[in-house]
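Look at the structure below and follow the text with it in view.

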Amino acid sequence: MPRIHRKSALPIALAALAASAIVYSAPGAAAPGAAASGWREALLASAPVANPGDIPKDSSLWNAHQNGTLVYGGSKTQKLFSIENPITGQLEGFDATMALLLAKYVTGKPSVEVKIVTSATREALLNNRTVEAVFYTYSITPERQSKVDFAGPYLISGQSIAVRSDNDTIHKLEDLANRKVCVTKGGTAYLTMTKRVPSAQLITLDSSTECEATLRQGRVDAEVQDRPVLLGQVKAGGLKLVGDTLTYEPYGIGLPHNSPAQVAFVDNWLKLLIKDGIWQKVFDNTLGQVPGAGTGRIAAPPDPGQNLLPDLKLN
């Protein structure tokens, strides 16, 4: 079981923020409460390792290979994707597991250092080389592609609407007119709301976790966010999804800008995980545990290197 050590907050002047770091070492003795993640330990033990000659030289992933640890940007509060287990101290979920698998592929062991990012800080931390990759429900958009590179997609998403379970007045996007709606700073839902429902009163916060709390507290009427993220919130009770999926959004693994060799390398790794059934096992044990997530395009293995353009339906 990976052991966990905490570091003090690291100031990042370029992004005007502090990124806390979590460091995982190689698996050791099992910790209390470890049974739930036994599937992951078995998966990591049998996961593939790259031939060092195939890792692009003078790249962020080559740096990870040489240092023996993958430094990536992620979250510790995103349900189903990357959330800290209070018993084991591990980060668990789809993104957290995919990051460990990539670390195993490039370093030979599932050793990662996680720096906490937000939707608004991912590009800055990639391009100032604070992190070597980003796993953070990262929708690929043309605007973001002008700043960073993306491998993938590694999951297909789309925006949905969440409301409190006792709400019976909001059923579709148009019902959000003149309502208070929470979206995350730097997220694609902000574009959806400003273009398609301009009369909505937007509350922009740093993370989906903050939006969830604001919705539960009754300070907003709804939250617009990626459907897989909202499914994790709904699983906790007290909230429900309404209406259809609003957009088509492929998730990518963020890499430093102008690194096509790295993109090809990570795409080939993703194809290997899909071919060997590893991707499906990660999905089934994380997102697939939630009713409503196991069907449709979210549950289907993606096609890395294909269908990278989103459809935000802004026109």
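Predicted model: local features only at pLDDT ≥ 70, side-chain atom pairs only at ≥ 80, totals over all residues.

Residues are numbered from 1 along each chain as its sequence is written, and side-chain values use heavy atoms, with hydrogens and water left out.

Begin with the sheet. Strands of a sheet pair through backbone hydrogen bonds, either parallel or antiparallel. Here, 3 strands form an open sheet in the order E4-E5-E6, and their pairing is antiparallel. Strand E4 (77-78) and strand E6 (91-92) are the edge strands, each pairing on one side only. The names come from DSSP runs numbered from the N terminus: a strand (E) has at least two residues, a helix (H or I) at least four. Two strands count as paired if DSSP finds at least two bridges between them. Strand E5, residues 82-84, is joined to E6 in the antiparallel sense by 2 bridges. Glutamate 84 has leucine 91, in E6, as its bridge partner.

Now turn to the charged side chains. Side chains of opposite charge can pair when their charged atoms come close. A salt bridge is counted when a side-chain nitrogen of Lys or Arg lies within 4 Å of a carboxyl oxygen of Asp or Glu. This rule gives 8 salt bridges.

How far apart are the N and O atoms of glutamate 212 and arginine 216? Their salt bridge has an N to O distance of 3.0 Å. Both belong to helix H7 (residues 208-216), and because they are 4 residues apart there, about one helical turn separates them. Glutamate 212 is buried, at 6% relative accessibility, whereas arginine 216 is partly exposed at 35%. These words have cut-offs: buried means under 20% relative accessible area, exposed over 50%, and partly exposed in between (1.4 Å probe, protein chains only). A network of salt bridges links Glu212 and Arg216 with Lys79.

Two further pairs can be set beside this one. Lysine 172 and aspartate 175 form a salt bridge whose closest N and O atoms are 3.2 Å apart. Lysine 172 is partly exposed, with 42% relative accessibility, and aspartate 175 is buried, with 18%. Lysine 275 and aspartate 276 also meet through their side chains in a salt bridge, at 3.1 Å from N to O. In this pair lysine 275 is exposed, at 64% relative accessibility, while aspartate 276 is partly exposed at 40%.
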